Amino acid sequence: MKILKFTLITLFTIGLTSCKKETTAEEKPKDSLTAKKDSAVIPEVHKEYYGIYTGEFAGKEMMHDNEVDEDYEGINIKRISLKINRITQDSVYGQSIVSGTQRPFRGVFNEGSQSFILDEPGNDKTDGRFEVKLKNDSITGKWTAFNKSAVKAPLKNLKLIKKEFVYNPNFMLDENSDLIDWENPRDFKEKYTDEETGKTETYTQSKNRIASDAVFKINASKQKLSEKDLKNLRKLDMEIIKNSVFARHGYSFKKQTYRNFFEQTDWYIPVSNNVDSELSPMEKDNVALLNRFIKYAEDKYDSFGR
């Protein structure tokens, strides 16, 4: 009987201890989870400043030996968008989008001076710091490259306006748009006859590609294109029609040629360096067809003064 009592007491004690351990093990994760949840909730402030600010990004181009030639008239002008995604008491988070490059930034907001200091990561040669002020729906200030010798214009001024990006399949180039591709001149051999000597001479003339008014009529976001629609178009026509699809979705173009065309509009807002997933099935089909024709199309060249 003594042995039986001892065994029962021992089992009871072990069971009690086990229950205590299980209860403790369940309580700890619960407390830990609550603590993690509380620490993760960081209140956001100034949500009214969230959004896209877009406009000019301009600066003098760097010459040799890291100096700017004051007599040099070369001004590097691009369109940039700053997307402010989140503001807390400690930090500002967002992205800069320019020339096909999308970079995250993080910084601080000074409520008293209504100013931002925003730093890109610094692991790319084009990264830098934005020092800008907010006034109503506009942002003005400067951007300074971290590595001044790695970029053509290490100091640029910004003048941005807050705009809401909206995809609209009806967006087209304005009919007063400049349709000349200034970025890709090509030299042609020309002949002329000297009136005095009667001899035929040869000279070289630089010419630029030019698009036709077809770019104002064909919309690859609204109509299903056929081979008949494209067979008589110039190569530049088809490039513009195709890239109008991407421009409507806010694609940030790397090529200056396409930026020149779409930055003439008031609707083009670069918001991303990849919009492939945003295209409709019809747009994807039209882009594929245009790519096939672009590969073998020819251009129309002419001479222009600037």
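What is the accessible surface of the protein, and what share of it belongs to carbon and sulfur atoms? The surface comes to about 19,400 Å², and 49% of it belongs to carbon and sulfur atoms; such areas come from the Shrake-Rupley method with a 1.4 Å probe, where for residues only the protein chains shown count as cover.

This is a predicted model, in which local features need pLDDT of at least 70, side-chain atom pairs count only at pLDDT 80 or more, and totals for chains, interfaces and linings use all residues. Residues are numbered from 1 along each chain as its sequence is written, and side-chain values use heavy atoms, with hydrogens and water left out.

The predictor's confidence in each residue, pLDDT, runs from 0 to 100. Its mean for the protein is 85, with 82% of residues at 70 or more. Over residues 1-39 it stays under 50, and the model has 0 contacts there beyond four places in sequence; a contact means heavy atoms within 4.5 Å.

The protein has 5 helices and 11 strands, which are DSSP runs numbered from the N terminus (helices: H or I, at least four residues; strands: E, at least two). Of its 306 residues, 38% are buried, meaning under 20% relative accessible area with a 1.4 Å probe, protein chains only.

A nonpolar core is a set of buried Ala, Val, Leu, Ile, Met, Phe, Trp, Tyr and Cys residues joined through side-chain atoms within 4.5 Å. The largest has 32 residues, and among those touching the most other members are V215, F262 and L290. Helix 3 (235-248) is one of its suppliers and gives the most, 7 residues.

Key. Buried < 20%, exposed > 50% of the residue type's maximum accessible area, 1.4 Å probe, protein only.
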